[in-house]
Amino acid sequence: PKTDIVFLKVHKSASSTVMNILFRFGETHNLTFAFPRGGGFQLSYPYHFLARFVQGFSPHSPRRFNILCHHMRFLQPEVQKVVPSSAVYFSILRNPVQLMESSFVYYKGASAFSRVRSLEEFLRQPQRYYDPARGDRHYARNLMTFDFGFNPDGDVSPERVQLMLRAIEASFDFLLISEYFDESMVLLKEMLCWDLDSVVSFPLNSRDSSTKSSLPASSVERLKAWNRLDWEIYAHFNRSFWARIERRIGAARLPGELRALRARRAELARLCLQGSGSVAPKDIKDSSLRPLQHGGARILGYNLKQGLEGELERTCRRLVTPELQYSSLLYKRQFPPERP
């Protein structure tokens, strides 16, 4: 099994669920994490990543961390200072149409979105509301491009786009696609040589459907044009994703792998969860399992069955522990507070 991993946590792309998978694997195998300094939750995002943002990093010490997975703006030369040279690099992408719809709800307070009533209104005249000099501009344009370290307002000429795509390919071993989450988990298992239970998960940080809306076709086309760099990244790596699935797993084996993954997820849901799945934040009985609520989104969570014990209770709790609580728990374990 691969134990040295860099995961670029692209915003609003099922990345919290992937992070939970990495947290569980790291905890189970006693691996070290590259935590933000002081136990925060982002590596000085939206600035480009620097090694000094990591707790315990020192330029004078050769210490390397196994897993780097908190939000950052990618800068590989700095990343290489904190992880072993053997690290596997991967990320996950999302269709830019759904990504921007989600960002609009989640980051409604961002400068570009705060003065409009709807995403359609913004897309009719984006330049009226969007200021490229504002520090939060990336939430409103080419968010994936920004997270990969590039300029969200950059040139969209074919030559520049090809340079960006080649740079991503040179840095990352593979990219997953959130619309094909189960296929992505089968590929992740294959690429990291992990077992099935290591990649089984429940969706985390997902929104209540009441806050989701579909866009008219005219707005979708405007959105694609406005997020042209994101669209180029997504289209390119969506193609290479399926080519990699075909190469590594093959059409004959994939259905069986998907059945096994879904069956195990359903089995864990029956063992672990009250009711049929996720619930609204107000209905989560254990406050330690309540996810952070942000913007106009209502982030769902879970209730565990009563009377779970021992290893099963621990497994179930880890599967539904929200990102911030899980990160804090692992940080305290890796950097125990000094006794007075």
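**Close-up 1. The second largest pocket of this predicted model.** The second largest pocket has a volume of about 360 Å³. Of its 21 lining residues, Arg24, Thr28, Asp197, Ser198 and Thr315 sit closest to the centre. By class, the lining has 9 nonpolar, 4 polar and 8 charged residues. On a 1 Å grid over the protein atoms alone, a pocket is an open set of points with protein on both sides within 12 Å along at least five of seven lines, a cavity is a set where a 1.4 Å probe fits but cannot get out, and lining residues have an atom within 4 Å of a point. Points are joined across faces, edges and corners, and a volume is the space filled by probe spheres set on them. Helices (H or I, at least four residues) are DSSP runs, numbered from the N terminus. Ala, Val, Leu, Ile, Met, Phe, Trp, Tyr, Cys and Pro count as nonpolar, Asp, Glu, Lys and Arg as charged, and the others, Gly among them, as polar.

**Close-up 2. The largest pocket.** Here we have about 890 Å³ of space, with 41 residues around it; Lys12, Ser16, Leu204, Asn205 and Ser206 lie nearest the centre. Helix 1 (15-28), helix 3 and helix 14 (323-334) each give two or more residues to this lining, and helix 3 has the largest share, with 4. The tally for the lining is 17 nonpolar, 16 polar and 8 charged.

**Close-up 3. The largest cavity.** Sorted by class, the lining has 5 nonpolar, 3 polar and 2 charged residues.

**Close-up 4. Helix 7 against helix 11.** Helix 7 (residues 158-171) and helix 11 (residues 228-248) pack at about 50 degrees, axes 10 Å apart. On the helix 7 side the contact is made by Val161, Met164, Leu165, Ile168 and Glu169, and on the helix 11 side by Leu229, Glu232, Ile233, His236 and Phe237 (heavy atoms within 4.5 Å). That contact has 7 nonpolar, 1 polar and 2 charged residues.

**Notes.** Residues are numbered from 1 along each chain as its sequence is written. In this predicted model, local features need pLDDT of at least 70, side-chain atom pairs count only at pLDDT 80 or more, totals for chains, interfaces and linings use all residues, and side-chain values use heavy atoms, leaving out hydrogens and water.

Notes
Axes fitted to C-alpha atoms, helices over the stretch in contact; angles between N-to-C directions.
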